[in-house]
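Hi,

Here is the structure I promised to send over. Have a look at it first, and then read on for my notes.

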Amino acid sequence: MEYDEKLARFRQGHLNPFNKQLPGGQHEQRADKEPEDPSPEDSPLDQPHQEPEFRCTERMMDLGLAEDHFSRPVGLFLASDIEQLRQAIEECKQVILELPEHSEKQKDAVVRLIHLRLKLQELKDPNEDEPNIRVLLEHRFYKEKSKSVKQTCDKCSTIIWGLIQTWYTCTGCYYRCHSKCLNLISKPCVRSKVSHQAEYELNICPETGLDSQDYRCAECRAPVSLRGVPSEARQCDYTGQYYCSNCHWNDLAVIPARVIHNWDFEPRKVSRCSMRYLTLMVSRPVLKLREINPLLFNYVEELVEIRKLRQDILLMKPYFITCKEAMEARLLLQLQDRQHFVENDEMYSLQDLVDINIGRLSCSLTEIHTLFAKHIKLDCERCQAKGFVCELCKEGDVLFPFDSHTSVCTDCSAVFHRDCYYDNSTTCPKCARLNLRKQSLFQEPSPEAEA
């Protein structure tokens, strides 16, 4: 009651400053009018004590009507929005179950389901001014907690002051920006491109010219020029396109096309978008060197050595899969950072080529190869029992397919000494024995045997 009384006095004073209540409970009156005699019925002695009454004028009635107090505030989501999202999530689940497995449409539906769930989680927390999760153009932004780390906004290119500013980081492509810059982002998350279309531009700096870009930045479409007016045009060595200074920070990166065609590892200037893409793609095995540039193995000796080590590891893999001790020791996890090495010997990642160039991969892979061979040939009796004896010379030493002085039959996988295998003019003894066994099984019985 006391608050309502003060509010009414405040409004009364602002609307009519000459009509203020006197301390004695009386109001000021104009000098040209005489006060009316109060009637006995209106005497304060006959009436009980009441709160002072304030009448609202037309001006007071208009107070606040200029604002829409009943409009829906920004950030306030009704229950129907959450219900619609839940319904959309259930429908998306049903679509995923109906689509063919491992198809592109099913992958897109799964990505859509993830975005719907993140959006539902964002809508369920309306009390915070800045939500912890924001989903925008396939970016998954999480509000950062750190206040002391100095970062730069990828959108406006200014410093993010963590103590006084709220900022977000995309968990997919590590895009950083102020909270005020979120709605200005126009480029989708690079992670979606990596997931759906993981491939490199294999042409060296495919430039098309500024005129093909209408003299505008390839990302934000801001006007650019080589003369720096109104903004400097900076070329990206990976895409060959031109960008403004806000989208191109002169970051340096190794260009995959120059590595494959020229074995050139010198870092070149790339745009921010290309830098994020190359960072996400650096460990993905998408380069099949035998098809792209088979002549590279003739000029780079390290590549030949790495290919032989990888082929030996693939020959060792069946031993580890069937060995209980190897499975308990988890020997194959030695290559968990390069899982494609235990799957094939053709695919390479850009990081593999960089490590080959500096000699790091050769040393680490040789150590792993030695560890694997030691388990098979010395430590484990079960693996030793799976060795071979050369059937051509019939010497007593045990052979394994990954030994350097052996050769493997392509038909039956039998192992021989290399010299014995190439000096023998006849066919493989094991293959001949298998063919003879097949003939005896399918040979028709003679009439005498039937009688």
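Let me start with the inside. The largest nonpolar core has 71 residues, and Leu289, Leu303 and Leu353 are those with the most contacts inside it. Helix α10 (residues 301–321) supplies the largest share of this core, seven residues. Keep in mind that this is a predicted model.

Setting aside neighbours within four places in sequence, Leu303 is in contact with Trp263, Leu289, Leu296, Phe297, Tyr348, Leu353 and Ile356. As a general point, nonpolar side chains in soluble globular proteins tend to be buried together.

Ser407 sits in strand β13 (residues 406–408). Is Ser407 buried or exposed? Its relative accessibility is 8%, so Ser407 counts as buried, the cut-off being under 20%. Apart from neighbours within four places in sequence, Ser407 is in contact with Ala414, Val415, Phe416, His417, Arg418, Tyr421 and Tyr422.

Next, the charged pairs. There are 21 salt bridges in the structure, and I picked out a few.

Glu83 and Arg86 form one of them, at 3.5 Å from N to O. Both residues belong to helix α3 (residues 79–98) and are three residues apart, about one turn of the helix. Glu83 is partly exposed at 44% relative accessible area, and Arg86 is partly exposed too, at 37%.

Glu346 and Arg290 make another, with their closest N and O atoms 3.6 Å apart. This pair links distant parts of the chain: Glu346 is in the loop between α11 (324–329) and β12 (347–348), while Arg290 is in helix α8 (residues 289–292), 56 residues apart. Relative accessibility is 27% for Glu346, which counts as partly exposed, and 33% for Arg290, which also counts as partly exposed. Both belong to a network of salt bridges that links Lys288, Arg290, Glu291, Asp345 and Glu346.

The last pair is Asp403 with Lys377, where the closest N and O atoms are 3.0 Å apart. Here too distant parts of the chain are linked: Asp403 is in the loop between α14 (381–384) and β13, and Lys377 is in helix α13 (residues 360–379), 26 residues apart. Asp403 is buried, with a relative accessible area of 9%, whereas Lys377 counts as partly exposed at 34%.

Cheers

Notes: Residues are numbered from 1 along each chain as its sequence is written. This is a predicted model: local features need pLDDT of at least 70, side-chain atom pairs count only at pLDDT 80 or more; totals for chains, interfaces and linings use all residues. Side-chain values use heavy atoms; hydrogens and water are left out. A nonpolar core is a set of buried Ala, Val, Leu, Ile, Met, Phe, Trp, Tyr and Cys residues joined through side-chain atoms within 4.5 Å. Buried means under 20% relative accessible area, exposed over 50%, partly exposed in between (1.4 Å probe, protein chains only). Helices (H or I, at least four residues) and strands (E, at least two) are DSSP runs, numbered from the N terminus. Contact means heavy atoms within 4.5 Å. A salt bridge is a side-chain nitrogen of Lys or Arg within 4 Å of a carboxyl oxygen of Asp or Glu.
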